[in-house]
Each structure stands twice: as C-alpha cells, then as structure tokens.
Amino acid sequence: MVEIDALALAQALIRRPSVTPQDAGALDILEAVLKELGFMTHRLPFGDVDNLYARLGNAAPHFCFAGHTDVVPVGEGWNTDPFAAEVRDGMLYGRGAADMKSAIAAFVAAVSRLPAQKGSISLLITGDEEGAAVNGTVKLLEWLKGRGEKIDHCVVGEPTSVGHAGDTLKIGRRGSINFRITVTGVQGHVGYPQKAKNPIPALAELVTQLAQHKLDKGNDHFDPSTLAFTSVDVGNDATNVIPGEARARFNVRFNDRHNPESLTNWVRDRADRIAQEWGCAIDVTAQTSGTSFLTPPGKFTQLISDTVASITGQSPFFSTSGGTSDARFIKDFCPVVELGLAGATMHKADECVAVSEIVALTDIYAALLVAYFAKPPL
Ligand SMILES: [Zn+2]
C-alpha cells in the first residue's frame, strides 16, 4: 500500500471550504485516496448533501470509522486564512483542523500503514453532521442496512478529547429534548380579573415545579439529567389587559434513566394537574433531537483503552458528557465510541491543532486497527 501522510491529507481537505451543506470537492479528495488504497467507494448524495461510504475487504469482523467532512461557517476574527491550512509553529490552522478533517486524515493514514488483515475496514463519511443531520449518517445507515452490510464496531473521530488526543473516550452521550408549553386562559380587563382567566400564574407554577424537580442523581456513567428553561413569553405590551396566552420553552439533557416518552409523559402529567387546578388549557409539544446511549464498558472499550495507553502512556477517561453527535444514530447498529483530537478550538476562530497531535492520533488509530484485527472483541 502507498503510505499516506496524515498532515498533507488534512491540509488538502481543509483547503476545500466544505461549509454545510457544500462539499466543495472534499469528498472527491478523500474518495481518490481511498480508491488508491483499494477501497470500494460509494458516493451517496441525499437531498443537497453528499456522502461517502468506502469499504476495504468483505470479511468479518467489520471495523468502521465514522466522521464528517463538512465544517461550520468561518465566523469572524481569524488571524489566518481559514481555508489555507497553514502550518505555523507546529500548529495546523484552518476550519475543520480540529472538527474533524485531521481525524479523517489520521484514520486514512493509519489504514495505509496496516499490513493486509482479515476482516474489513470502512469509512462512513457524511457532509451533514454540522447541519440538520437528516441527509447524512441516518440515511447512510439505512442504505447499509438495505444492502445487508453489518458493522461490528465503530469509532467516531469527533474531537472528544480534552488536552491531548486519546485522553478521553466518549462511551455514550446524553439525550436532548426540547419542550414547548402553551397555557391558554381567557383574556380580560385587569380591573375585572374575575371575568378573565389569567394564564400567567398557572405557567409560573408549572415552570417552578418543572425547574425544581430533580430528574435523577446520575449513575456510574452519567451525570444527573438537567432541565433548563430557555424562554418564557407573554408578549403583552398593554398594562390594562390580562393576556389570553402565555408560553414557555425548555430543554432537557437526559441520561439513560429516561427516554423521550417517559419525559414527555412526566411533563404532560404535571401540565394536566396545573391545568385542572387553574382552569386553563395547557398544551405540551416535545421534539427529540437525540436519545441517550451508552456503550457499556466491555471488551471493545477495554481494547481501545489498552491501545491508547500503549501509545500515550495513559488510559483514557471514559466520558458521556457534551452535546450530541452522529454516534446517537450509529448506536442502533453496533457498539460505538468516540475517540479523536482535543476539541478546544472547534467551531472557533483560528481553529487549530498541533501537528504532533495529528501524528499521535494516527499512531493511536494504527495501533487500534492492529489490535482489533489481532483479537476482535466479539
Ligand atoms: Zn464534528
């Protein structure tokens, strides 16, 4: 195999300004390199998003690396050209340097170093992670399922580390759900409140009850679930009118002790009681952006932990903190963890990563592939 240089590939990818949903040729570069390494590649455009699935080998076990070539908009305040991929004082600068073009490059470089192995390696790369995440990983996974392809284990290369590549292994994530509450009363004159039905006290009581409730205490793998109100709206400018409607919104970040149904039922139950008590109507709508998941520590996580320790000298910390990622979709197909660069500068101006970190991550991925195929954690 031709050996791929991770830094050079990362630079080539960063030089393609693939701000979601634009691809700007980023996947072309990746696809060409993977073809050179012997991968069978498939371009899978869905809607306005381009995606790539590439697989080397046909046999089991099947190890998959998942990630995204799209990046968030540049924003303001850069001291370098965000798409020049300049290296200065040992740092690679550019949008996507941390999140997550360098990790994709590291993985490809790791594969290129691997001697022929039994089993398969694939890359599941979407151009829709930073956007709505509708035409990316979800559809790719459905497509794979339709073809009868089975992934045994997956590593997502998101920048989940804290200080150095591999110091943290994400073994799960909290779920996220957004609620909207609308309390409807009867509008009226402030001087005759008995002839109106003010929705504000009812909403205030519901807000207080929900906000004060402790959802859980957390457990071995998760912090306690949290509930945070983001808005309370009446929108009434008049000083002599009792409004007919009051609204509020909140978000719940929940661990594996809850699911969207249990949370929605709980909120509806509270709302119904308050509605009865105050004689108002209360409508609750919920939108789930991700359920929580946990890949319980076992053979797979142990293999990764041992491999990271053999390269960095330190076992990774197992974490479930942070926002959501595409791992929330992959978890329905196979055990999945997230292992990548440190994410301190992701989505910021002057996004950058130390070249030495790209080298370290490449070493980690290379050692992981060797260990995985030597003794698959099945
Ligand atoms: Zn990312």
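How does the lining of the largest cavity divide by class into nonpolar, polar and charged residues? It has four nonpolar, two polar and three charged residues. This is a predicted model, in which local features need pLDDT of at least 70, side-chain atom pairs count only at pLDDT 80 or more, and totals for chains, interfaces and linings use all residues. Residues are numbered from 1 along each chain as its sequence is written, and side-chain values use heavy atoms, with hydrogens and water left out.

**Cavities**

- The structure holds two cavities of 30 Å³ or more; a cavity is a set of points on a 1 Å grid over the protein atoms alone where a 1.4 Å probe fits but cannot get out, and lining residues have an atom within 4 Å of a point.
- The largest cavity has a volume of about 40 Å³, a volume being the space filled by probe spheres set on the points, which are joined across faces, edges and corners.
- Its lining includes Ala66, Gly67, His68 and Glu158, and strand E3 (residues 62-68) gives the largest share, three residues.
- Ala, Val, Leu, Ile, Met, Phe, Trp, Tyr, Cys and Pro count as nonpolar, Asp, Glu, Lys and Arg as charged, and the others, Gly among them, as polar.
- The second largest cavity has a volume of about 30 Å³, and Ser18, Pro21 and Asp23 are among the residues that line it.

**Helix pair**

- Helices (H or I, at least four residues) and strands (E, at least two) are DSSP runs, numbered from the N terminus.
- The axes of helix H1 (residues 6-14) and helix H2 (residues 26-36) come within 8 Å and cross at roughly 150 degrees; axes are lines fitted to C-alpha atoms, for helices over the stretch in contact, and angles run from 0 to 180 degrees between N-to-C directions.
- H1 and H2 are therefore roughly antiparallel to each other, a label for angles over 145 degrees, while those under 35 count as roughly parallel, 65 to 115 as roughly perpendicular and the rest as oblique.
- Leu9, Ala12 and Leu13 in H1 meet Ala26, Ile29, Leu30 and Val33 in H2, where contact means heavy atoms within 4.5 Å.
- The residues of this contact are seven nonpolar, no polar and no charged.

**Sheet**

- Four strands form an open sheet in the order E12-E14-E10-E15, with antiparallel pairing; two strands pair if DSSP finds at least two bridges between them.
- Strand E10 (residues 175-184) and strand E14 (residues 245-254) pair over ten bridges, and Ile181 has Ala248 in E14 as its bridge partner.

Terms used
On a 1 Å grid over the protein atoms alone, a cavity is a set of points where a 1.4 Å probe fits but cannot get out, and a pocket is an open set with protein on both sides within 12 Å along at least five of seven lines; lining residues have an atom within 4 Å of a point.
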